Amino acid sequence: DMSIVTTEKRGSIMILTLNRPDSLNALGAEGDGLAIAAACNEIVADAEIRCVILTGAGRAFSAGGDVKAMKEGTGAFGGAPHDIREGYRRNIHLIVKSLYNLEVPMIAAVNGAAIGLGCDVACMADIRIASDKAKMGVTFLKLGLIPGDGGAWLLPRLIGSSRAAELLFTGKVIDAATAEDWGLVSKVVPGDTLMDEAMALAEQIAAQPPQALRLAKTLMRHGTNASYETIMEMSAASQALMHKTEDHMEGVDAILEKRTPEFKGR
């Protein structure tokens, strides 16, 4: 079984592809967390990378946890309750934490079904755009389960408590148009143009000064949880760093000289 994720670098953009198409990119096999954590660590360590696109191979984004493994009691779903808890903490939680804590802006290009854990993984990105063939749902209750991966914390923050509750408590799967209407995705595009649209958006993001870009994401991430006063202190300290960068002066010069800035990450 090959690694759950493949990487392809295109200039300053990294494409991460969930690559288990035969099982609709089911997640939770032994080592999935470590593989995704390794890819994320590689991205953060590479100062050249300014944006990430996360997508799925084949016809699904990710159908979520592996139901066959649940039936067989293997992988993250095997052993005593203590073992299963550890399977979530060390493997499944490592998947979502690595993606959520990624310092580089990330776009999820939702190419097909994103269900359960798969939907929550898409929600770890900063921006979601969807193929018109995409379907999204948090269907844990249909399996007699609850969101084991932090989705219960994230979903109400993304789409509001009423719609999050409706999705979770009914287990229903919504189409791409509904996902857009509910703010679960930013826009819906024809399936054959999805990656082109994601790349165009990634290039707009990648045109920004990379140090400030990563810091802006960090502030927004902490902003969901930290107090207003904490964010104000972080903002003042971060801004003092940015004022002393070459990229800041390049932005100022470009405006005064009426030209396009060239940011170098210095």
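Cysteine 40 counts as buried at 4% relative accessibility, where buried means under 20% relative accessible area, exposed over 50% and partly exposed in between, with a 1.4 Å probe and protein chains only. The model is predicted: local features need pLDDT of at least 70 and side-chain atom pairs count only at pLDDT 80 or more, while totals for chains, interfaces and linings use all residues. Residues are numbered from 1 along each chain as its sequence is written, and side-chain values use heavy atoms, with hydrogens and water left out.

A disulfide is a covalent bond between the sulfur atoms of two cysteines. The search of the whole structure, which finds zero disulfides, takes a pair of cysteine sulfur atoms within 2.5 Å as the criterion. For cysteine 40, the closest cysteine sulfur belongs to cysteine 51 and lies 13 Å away, too far for a bond. Cysteine 123 is buried as well, with a relative accessible area of 3%; its sulfur is 4.5 Å from that of cysteine 119, the closest cysteine sulfur, and this is also too far for a bond.

The strands come next. Six of them form an open sheet with mixed pairing, in the order S1-S2-S3-S5-S7-S10. Strand S1 (5–10) and strand S10 (187–189) are the edges, each pairing on one side only. Strands are DSSP runs (E, at least two residues), and helices likewise (H or I, at least four), numbered from the N terminus; two strands pair if DSSP finds at least two bridges between them. Strand S2 (residues 13–18) runs parallel to strand S3 (residues 51–56) over six bridges, and isoleucine 15 has isoleucine 53 in S3 as its bridge partner.
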